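Colleague: I would like to learn how to read a few features of a model. Please take them one at a time.

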Amino acid sequence: MRPLDNDCENPILFAVYDEISLKGTIMRLLICSDIHGDFEAATAVLEAFKNEGCDRILMLGDILYHGPRNDLPVGYAPKKVIELLNANREVLMTVRGNCD
């Protein structure tokens, strides 16, 4: 697994992981979490996905909501994030986080 740098105001976590299947093929995963409805962060994830030549995005939760104790992210626009992610749903694998 290799962490990736990002220039977003919202400190999202993402990394690239190459997994070798039992059949010997390699699937490159972009792993991310904690977008919290930040459109800039979601865009950065999709740009990294394309730039790194990944096959799938694994989102580890906290995708749209910022949570009751957190401040609003600078680029908070959950409706725009939904549109962006729905347009790329074929490559997404997601789990629900504690803020979802």
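Modeller: Start with disulfides: a disulfide is counted when a pair of cysteine sulfur atoms lies within 2.5 Å. This is a predicted model, where local features need pLDDT of at least 70, side-chain atom pairs count only at pLDDT 80 or more, and totals for chains, interfaces and linings use all residues. Residues are numbered from 1 along each chain as its sequence is written, and side-chain values use heavy atoms, with hydrogens and water left out.

Colleague: How many disulfides does the rule give?

Modeller: The count is zero.

Colleague: Is Cys32 buried or exposed?

Modeller: Buried means under 20% relative accessible area, exposed over 50%, and partly exposed in between (1.4 Å probe, protein chains only). Cys32 counts as buried because its relative accessibility is 1%. Cys54 is buried too, at 10%.

Colleague: What span does helix H1 reach?

Modeller: Helices (H or I, at least four residues) and strands (E, at least two) are DSSP runs, numbered from the N terminus. The expected span is 1.5 Å times one less than the number of residues. H1, residues 39-51, has 13 residues and reaches 18 Å from first C-alpha to last, close to the 18 Å expected. Its buried residues include Ala41, Leu46 and Phe49.

Colleague: Which residue caps the N-terminal end of H1?

Modeller: Asp38 does, with a side-chain oxygen 2.9 Å from the backbone nitrogen of Glu40. After H1 comes Gly53, with a positive phi near 65 degrees.

Colleague: Where does Val95 lie?

Modeller: Val95 is in the segment after strand E5 (92-94). Its C-alpha is 5.4 Å from that of Leu60, 35 residues apart along the chain. Val95 is partly exposed, because its relative accessible area is 43%.

Note on methods
Polar contact = N/O pair within 3.5 Å; in protein donor to acceptor, adjacent residues only side chain to side chain.
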